[in-house]
Amino acid sequence: MNLYSIYTNNKSEDISPTIIKQGFSFWALVFNLFWAIYHKMWFVAGIVVLANLIVMQFAGVALVGQVIQLFVFGFFASEIREFYAKKQGLQLDDVILAGSEEEAEVKYVMRVGV
């Protein structure tokens with residue numbers, strides 16, 4: 001079971017919720033740049049590219065620095081997504097315990113009655 005945060009925009013006509021899985025993100029760890037682009041977080045994608053370039057400049061610690069960067073990104077992926085959701089004007093509407101993102105969405109819709 002995983003914990004999911006449900007963000008909605010009450011002011012917009014778009015009623016689809018944004019569902020963010022809490023905790024460690026394996027996909028953000030492995031594909032950090034592509035993960036940021038997929039979620040349309042352009043500033044984060046730029047920071048990832050910049051961090052990669054900086055780490056590559058130090059040949060002696062490049063591998064260690066890269067691994068540390070990947071794990072930090074994997075651990076803080078949900079916090080980064082929540083920060084961007086709040087910047088877009090979304091508000092935390094619910095927190096749901098579910099087995100998958102689809103199950104979390106179904107539980108949310110059943111609670112709210114949309």
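1. A search of the whole structure finds 6 aromatic pairs, a pair being rings of Phe, Tyr and Trp (its six-membered ring) with centres within 6.5 Å, called stacked if the planes are under 30 degrees apart, edge-to-face if over 60 and tilted for the rest. One of them joins phenylalanine 83 and tyrosine 84 edge-to-face, at 6.0 Å centre to centre and 85° between the planes.

2. This is a predicted model, in which local features need pLDDT of at least 70 and side-chain atom pairs count only at pLDDT 80 or more, while totals for chains, interfaces and linings use all residues. Residues are numbered from 1 along each chain as its sequence is written, and side-chain values use heavy atoms, with hydrogens and water left out.

3. Tyrosine 84 is buried at 15% relative accessible area, whereas phenylalanine 83 is partly exposed at 48% (buried means under 20%, exposed over 50%, partly exposed in between, with a 1.4 Å probe and protein chains only). Lysine 87 lies over the face of tyrosine 84, 5.8 Å from the ring centre (the criterion is NZ of Lys or CZ of Arg within 6 Å of the ring centre and within 35 degrees of the ring normal).

4. The search of the whole structure also finds 2 salt bridges, each a side-chain nitrogen of Lys or Arg within 4 Å of a carboxyl oxygen of Asp or Glu. In one of them, arginine 111 meets aspartate 94, with the closest N and O atoms 2.9 Å apart. Arginine 111 is exposed at 52% relative accessibility, while aspartate 94 is buried at 17%.
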